[in-house]
Amino acid sequence: MLSTVYGYTLNGITAIKISIEANVCNGAFFSMVGLPDNSVKESYQRILSALKNNEKPIPIKGITVNLAPADLRKEGSGYDLPISLALLIASGQVSDKNLSRTFIMGELSLGGELRAIRGVLPMLVQAKKDGFSCAILPKANLNEAKIVEGITIYAFEHINEIFHFLAQSDVSNFITHNRNELDIKTPKKCYAADFNEVKGQEDVKRALLIAAAGGHNAILIGPPGSGKTMLSKRISGILPALSKEEALETIAVHSVSGINQTTEPLFIRPFRSPHHTISDVALVGGGTSPRPGEISLAHHGILFLDELPEFKRSVLEVLRQPLEDGKITISRSKISTEFPAQFILIASMNPCPCGYHGHPDILCSCSTVMISRYRKKISGPLLDRIDLHIEVNPVKIDELSSNIVSENSSEIRAKVESARNIQLARFKHLPNTLALNSRMQTREINLFCRLSLKGGSILKNAVKKLNLSARAYDRILKVARTIADLENSDEIKTSHISEAIQYRQLDRKL
């Protein structure tokens, strides 16, 4: 007897429908075809034990399982449940009457418990497009699965519950979820760190406000203890909540990575801070079966690289393409996978190996050669892609002991949201990927970043004096556009362009 159930496999953050076909005939063999990897091949032993321990043993017959399309490699343990149900249907032990327009995925333990799988969100999104109306999934994936609107979720903890479900004529009592509960109007998390806890550094806070408002990359350069890390870790608190589309994309990347949303959905923007010992594959993604790296896990959020020169040169250089394109394409001999990577890069570094070059009170112990070698760890092309170069000076003791309360994160976030609303209105007729000033291309720069004669003259003189590249020229215009948006100005004034230029003066120093 032949039976067919449906599941999904992943390519990047895209799901592809898989038909799981089982045929039971005379004989005594088991064969699984359709390019299964080792984890899928091993599923037979898990299925054999799980079904036997739940009084549904696989008959000693000739069994063939086909995973179609046969030319697409299948991997992971999520096929345990659909294969086991296909075998039971083919052998006549359970009915498939409740599986119309339903896809099934889940890992089985030897006792029959259902375990969470990765990639449930993109599977559900694609299943809805493919015309499925229901899904049978492990209960551990429910919180993530319920985000998708318009598809009924049946979530179970044990395979025995599924047997009971298939035996019923009315399954309405089994519906775990059938409506959308994604509500992201306001952030659901209170940030533990607030900007008003940072004493002084008002000029640095201003620069980070600009970075957050326009989605600009920034690097903070200053001596140890000046507050670089403290400031950087508070940027998440001034970013607006994710939009519905952004939240779905972000959670999809985390889901594919195996980061299950077991509590509440990811309403706030991600903040990723990898250690400087990270490899290039871990940073941008890859592997034999490509997985997202840190830059994709930071999609629509912040990637913070502390002590930038301590990262390996090869690791930093792989950032150049995703910083420009907002995505990373990983190519292997048999597959090419694309992951999104629209993040704000925030980096920090000391001015020299000892950290005290240019310090007003502490003498630097580094030679000129040591300082030059240290700074050259950051290549010119990478630095060129960072919009804001911010000098962070030591905080004076009078400021540390002051009782003056500066703006808190909520007040700064309101300014960021106002500037981003202006950008959304400006780019509403353009592609969705263009929603921030930092993502403008040449055409949009020419259209939205026009300068007066005086402003243009100031910028030309700065480019000549600082020997800036064409890319730096464009980035100055983008930053100036964001500064104008923060002041609710349609025109880029000379004061805006002058402020933007001052954030590029470290180009030649480094």
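**Strands 10 and 17.** I began with Ile-219 and found it opposite Ala-347 in strand 17. The model is a predicted one, so I keep that in mind throughout these notes. Next I looked up how the two strands run: strand 10 (residues 218-221) and strand 17 are parallel, with four bridges joining them.

**Strand 17 and its other partner.** What else pairs with strand 17? I found strand 14 (residues 302-305), again parallel and again joined by four bridges. Here Leu-303 is the residue that stands opposite Leu-345 of strand 17.

I then checked how covered strand 17 is. Across residues 344-349, six of its six residues are buried. I sorted its side chains by direction: Ile-344, Ile-346 and Ser-348 point one way, while Leu-345, Ala-347 and Met-349 point the other way.

Which way do its residues point? I noted Ala-218 and Leu-220 on one side, with Ile-219 and Ile-221 pointing the other way, and all of them are buried. Strand 10 also pairs with strand 18 (residues 388-391), in the parallel sense and over four bridges. In that pairing I found Ile-221 opposite Glu-391.

**Helices 2 and 3.** I turned to helix 2 (residues 43-52) and helix 3 (residues 80-90). Their axes come within 10 Å and cross at roughly 60°. I logged the crossing as right-handed.

Which residues meet there? From helix 2 I listed Ser-43, Arg-46, Ile-47 and Leu-51, and from helix 3 Asp-80, Ile-83, Ser-84, Leu-87 and Leu-88. I sorted the residues of this contact by type and got five nonpolar, two polar and two charged.

**Ser-109.** Arg-46 of helix 2, one of the residues that meet helix 3, also turned up when I looked at Ser-109. I located Ser-109 in the loop between strand 6 (107-108) and strand 7 (114-115). Is Ser-109 buried or exposed? I have it down as buried, because its relative accessible area is 5%. Setting aside neighbours within four places in sequence, I found Ser-109 in contact with Arg-46, Ala-50 and Arg-115.

How values were computed: Residues are numbered from 1 along each chain as its sequence is written. This is a predicted model: local features need pLDDT of at least 70, side-chain atom pairs count only at pLDDT 80 or more; totals for chains, interfaces and linings use all residues. Side-chain values use heavy atoms; hydrogens and water are left out. Buried means under 20% relative accessible area, exposed over 50%, partly exposed in between (1.4 Å probe, protein chains only). Two strands pair if DSSP finds at least two bridges between them. Contact means heavy atoms within 4.5 Å. Axes are lines fitted to C-alpha atoms, for helices over the stretch in contact, and angles run from 0 to 180 degrees between N-to-C directions. A crossing is left-handed if the near helix is turned anticlockwise from the far one by less than a right angle, and right-handed if clockwise. Ala, Val, Leu, Ile, Met, Phe, Trp, Tyr, Cys and Pro count as nonpolar, Asp, Glu, Lys and Arg as charged, and the others, Gly among them, as polar.
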